Amino acid sequence: MRLTRASLANPSAVTIVASVVVLLGLISVFRIPAQLLPQIEKPVVTVAAAWPGASPREIESEITVPIEEVLQGTPNMTEMGAWSMPNFSWIQLEFALETDMTHALIEIISRLNRLRPLPGNADRPNVSMGEWGDANDQLIEYFIEQLEGDEQDLVRNKRYLREVIRPEVSGLYGVSRVSMFDTSGNASDQLQIIVDPYKAAELGIDIARAADRIGRSANISSGVVDVGRRSYTLRVEGRYDVDELADLILDWRNGLPIKLGDVATIKYGPPKREGFIYHNGRSAARFSISKTNDANVLEALEGVKQHMNELNENEFKDRNLLAAYSFDPSVYIKRSISLLTGNLAAGILLAIGVLWLFLRQWRATLIIALAIPVSLLTTFVVLSLGGRSLNVISLAGLAFATGMVLDAAIVVLENIVRLRERGENAAEASDNGTSQVWGALLASTATTVAIFIPIMFLQDVEGQMFADLALTIAIGVVVSLLVAITILPTASRYWMKELPTQPGQYWLWDRLADRIIELTATQTRRFGWIVGLMAGSVMFTVLLWPESNYLPPVKRDTVDSFLFFPPGTNVETADREIAQLLIERLEPHLEGEKEPAIRDYFLWSFPGGSGGWLAINPVDGTNLDEFQAVVQNEIVAGVPDMFSFTLRRSLFGGFESSNSVEMRLASTDIDGLKPAVARAMNLIPQRMPGASAQPQPDPFAEANELRFTPNDVRLAEVGWTRADLTRVIMELGQGVWLGEYFTGRERVDIYLKTTRFDTPEEMAALPVATPAGGLVPLGDIADISISPSPSQITRINRARVYSVIVNPADGMSLEALVNELKTNIEPELRALMPADGTIQYAGSVQDLERAISTLGANFLIAIGLLVLIMAGLFRSLKDAVLVAISIPLAAVGGVFAITIINQINFQPLDLLGMIGFIILIGLVVNNAILLVAQTRAAENRGLDRADAVRQALRYRLRPIFMSTLTSLFGMLPLLVIPGAGSEIYRGMAAAIVGGMTVSTLFTLLLLPSLLQLTFGQRQVTS
């Protein structure tokens, strides 16, 4: 072979090239970006719009529905979900996998430009790529606590954080965006004119018309005018400055002016309190820091943490502030990298140990082992050049490739040793030994790489997540082939002076070959083995096929409790009666006075105060299952009228379990669905202990709506219109938006509002001055009633729905959860639903169905590619089919291994396990390829069929067992070594290790039976 002969003739060049590759690989190891998971681009676009002071119904009618109308019919859009909440609308658009998302984003922005004018104080819709709350997007969260000081200190510091610190952090390496949230949500400060309605009434000031007088002021330019020899720009300074607003004359009484300052207080500050945020019991602001796609997460985290530590020691210390993070992704990244690196090292040592047991010579062992560093380090180079990252998936690929990259080297060295034992010199044996097995090695490498091609070109979430795995193994295997035909024969010629001693091994392989031939000597025995192995494999595969999960159930160390406050509870009440109670219960655990001890926690409320989120991080070494029970049964239990559920969220992101199911209940009678949702919330935990049911939105967490119905007759009598009444009601609430004011640094909203009222009765009795009726009570010109109002409105594809998010109990697979829901839960819910009610399943169940369909199709494509490649390399479709027939033998081994692991530790067949079966296709055919290729070579030399099969077994049994055992022991640490995050790849390891073990043993009986199952001899070529 030319490449081998060139290498043998130029050992210095081979050494130099190998050294350069190793050096570049070492450099790439330290430079490649590190993160927890691969970067995943989902075909999702999020549109968000804010309207301060608006209720969910107004948000839906004035913001959400108009946006839906212009976005409906967007090309390739598969689903449109919309969530209308107090002050905020959030719309998520999902697209088909093949969609060009750049064009989709342009199309969405173009359509939003056609949107009709929104309410004056509503923000323009903000468009962003990706899913809201995506774990791939977030870098870290910081909570900045106010250690000491009064409310004004806190307000001033939050303004400082927003205007100074947030831009600083945004400019750090790896940071794409910083969102700040405080008690006012994400809203900026306002210029507020707060009217005392009683003073206004006493002085006869019509507060309905005051807004017009203040709001009409503006700075206006009128172009350029020539005056004499000069040109001047005309400008009217009509906008009142803050200092001038107090002197604004509203009316005259007895020749004296009544100024705005006589009836109102003017201040610059935060808007109405929308919630609370506590970290370790102290009021705090929350910094949500997002990362750039190309950032090295560990480096970016280190930079952010260093900057925050410097602020703590300097500026924050002077302001009595303290910045602390709660969830640190670097802990999980370092832990996963450490675990996988340990597994990789253990696998390398085990594989080398197996080689030594077979060869009993260190030089021969190390010659083969050279394939490991060269192949793996070259893989790092290619990953770095391709813009890939070092993550859990790519590291798992390296660990899986450890034993696989030895296969070609084992076969080559084994053949070289055999030829040298026959008397050939070192140079000839190295050249001939490599050339003789080149065809079989090319076939096995091509088939191994071919099965990864469909995975690497998948565009969905699964393909993006596991492309790194496929790419890593494929690169390693290809490089190992090049090593086997260049470095290995060169090293064996110049370095292996003595042949490895193999006491008694040839006798063992000869006896084993003879025994196999004896077991397959007759047609009856051959048919028996073929039918028995094939039928048994298929039968046991079907019978033992495990239940399915979407993603491995890998959980964070944080325990999360989602809280649903009593309906109608305002923010102050929720803070006083719920938040302070939880803080009081958590304090002993935080101080270490009570077990289990906790490191830190945060507690914050959702917009509008309808619910909240408590996240607790225990100290290291805590039993997390027991701690979760303590949180649910002690810390959040017993709060009057509050519903809560506690879980540990998935490490893959989102606010639910990685295998949660979303039940969508839809009907034209949306109120008619409430009994079914309530029944689901009670029924699911009863029928499935440990499972939780989270409603979205909660149908019974309705706010109290103070509804004003105009009395048109009385309005006309007092000289008001409905517009005047509306302005007054808006002043009583969020305020009337008067425009914007430029502070010199930023533009802020101007709001005219009144002082707060304690009861609805006070509001009804409020005296207001009117043009024709004098002073009249507000309740005289409008009927006031209290009615329920939804806290959130959810729409899927423009239809209102209720969703129930079901998180499975520990030890329950996604498949079992769906079956339980459809069999035992759904019939009872349908009985309570309106006649046109429907139930659809979304979330992980949709992802699992799509993944099974996609991977199933790719499984068939992989087998087709494999057969075609082997047919081309063997120049025989029959031989390709013979090799492919051995594939079902591997499936039963993988299924059996997963079943055993599942009995020891919960391990259903997840997405990685399914990909493991696809990888298995390319691995199990390697042994069959070696036997078929050697059999055909022997026949071409004149041997009959039985002698050719016997010789193939004698020559190839030893390398088959060596390569299989090195691969198995190289992967074994991934299967047996426990550790946090090992669940991610344990299913895949079980499928591959079990499949290879059983397939190797079964193939040694099946393939000789198939090869000898002929009617007549094959024509012998001279």
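Which side chain makes a polar contact with the side chain of S430? The third legend gives the partner. All views show a predicted model.

**View 1. Helix 3 crosses helix 4.**
Helix 3 covers residues 56–71 and helix 4 covers residues 101–112. Their axes come within 9 Å and cross at roughly 125 degrees. The two helices are therefore oblique to each other. Helix 3 passes helix 4 in a right-handed crossing. From helix 3, the residues in contact are I67, V70 and L71. They meet I108, R111 and L112 of helix 4. By class, this contact has 5 nonpolar residues, no polar ones and 1 charged residue.

**View 2. N312 in helix 10.**
N312 belongs to helix 10, residues 297–313. Its relative accessibility is 15%, so N312 counts as buried. Leaving aside residues up to four places away in sequence, N312 touches K317, L321, L322 and A323. With A323, a polar atom of the N312 side chain lies 2.8 Å from the backbone nitrogen.

**View 3. S430 in helix 17.**
S430 sits in helix 17, residues 426–450. S430 is buried, at 0% relative accessible area. The side chain of S430 makes a polar contact with the side chain of S492, at 3.3 Å. The S430 side chain also reaches the backbone oxygen of P489 at 3.3 Å. Beyond four places in sequence, S430 touches T4, L8, I416, P489, S492 and R493.

**View 4. S430 and I485.**
S430 and I485 are 55 residues apart in sequence. In space, their C-alpha atoms are 9.2 Å apart.

Conventions: Residues numbered from 1 in each chain as written. Predicted model: local features only at pLDDT ≥ 70, side-chain atom pairs only at ≥ 80, totals over all residues. Heavy atoms only, no water. Axes fitted to C-alpha atoms, helices over the stretch in contact; angles between N-to-C directions. Helix = DSSP H or I, 4+ residues; strand = E, 2+ residues; numbered from the N terminus. Parallel < 35°, antiparallel > 145°, perpendicular 65-115°, else oblique. Left-handed = near helix turned anticlockwise from the far one by under 90°. Contact = heavy atoms within 4.5 Å. Nonpolar A, V, L, I, M, F, W, Y, C, P; charged D, E, K, R; others polar. Buried < 20%, exposed > 50% of the residue type's maximum accessible area, 1.4 Å probe, protein only. Polar contact = N/O pair within 3.5 Å; in protein donor to acceptor, adjacent residues only side chain to side chain.
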